Amino acid sequence: MEILDNIKFIREKKGYSHEAMGMSLGISQTAYTNMENNKTKLTLDRLYKIADILEVKIEDLLKIEPKTFKQNIYNNQTVTAISQQQVENLYQECKEAYEKLIKSKDDQIALLRAIVEKKNETED
């Protein structure tokens, strides 16, 4: 529930309504309300979209801080804190790899276009 409470707090602080959040996520106001009230599950994908909409870091929604992380280890909550951090690390790694693949694809397309244009010029 803490994550949902954080989302609600930040959403209200920024002045977003349930309807606005639902529209931004591509779901109904009722679906968003049910998610925020823990009646339906919050998916990881939606969590990242909510962070984007609210213009906050995912850590702000999860409340992951180095100090909190150390406290969780000493309070036997290591598994939860580590898994949340691992999710964030995996997301960052995947995002960087995806961006590199997209850039590589764009570079290849530009190169192929240049080759085709040059070939067309020599044929004319």
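Student: What kind of model is it, and how are residues numbered?

Tutor: This is a predicted model, in which local features need pLDDT of at least 70 and side-chain atom pairs count only at pLDDT 80 or more, while totals for chains, interfaces and linings use all residues. Residues are numbered from 1 along each chain as its sequence is written, and side-chain values use heavy atoms, with hydrogens and water left out.

Student: How many helices and strands are there?

Tutor: The protein has seven helices and zero strands, where helices (H or I, at least four residues) and strands (E, at least two) are DSSP runs numbered from the N terminus.

Student: OK, which residues of α3 are buried?

Tutor: In helix α3, which covers residues 29-36, the buried ones are Tyr32, Thr33, Met35 and Glu36. They lie on the same side of α3, because they cover an arc of only 160° around the axis, the arc being that of the directions from the helix axis to the C-beta atoms.

Student: And what do they pack against?

Tutor: The buried residues of α3 pack against α1 (2-14), α2 (18-25) and α4 (44-54), with contact meaning heavy atoms within 4.5 Å.

Student: What comes after α3?

Tutor: α3 is followed by Asn38, which lies in the loop between α3 and α4 and has a positive phi of about 65° although it is not a glycine. Most residues other than glycine have a negative phi. Asn38 is partly exposed, with a relative accessible area of 48%.

Student: What about Glu55, buried or exposed?

Tutor: Glu55 is exposed, with a relative accessible area of 65%; Glu55 lies in the loop between α4 and α5 (58-62), and has a positive phi of about 55° without being a glycine.

Student: Switching topic, which residues form the nonpolar patch on the surface?

Tutor: Leu111, Leu112 and Ile115 form it, with about 310 Å² of accessible area together, as given by the Shrake-Rupley method with a 1.4 Å probe, where for residues only the protein chains shown count as cover.

Student: Where is Leu111 found?

Tutor: Leu111 is found in helix α7, residues 78-123.

Notes:
Buried means under 20% relative accessible area, exposed over 50%, partly exposed in between (1.4 Å probe, protein chains only). Patches are made of residues with over 30% relative accessible area and no salt bridge: like charges are joined within 9 Å, nonpolar side chains (Val, Leu, Ile, Met, Phe, Trp, Tyr) within 5 Å. A salt bridge is a side-chain nitrogen of Lys or Arg within 4 Å of a carboxyl oxygen of Asp or Glu.
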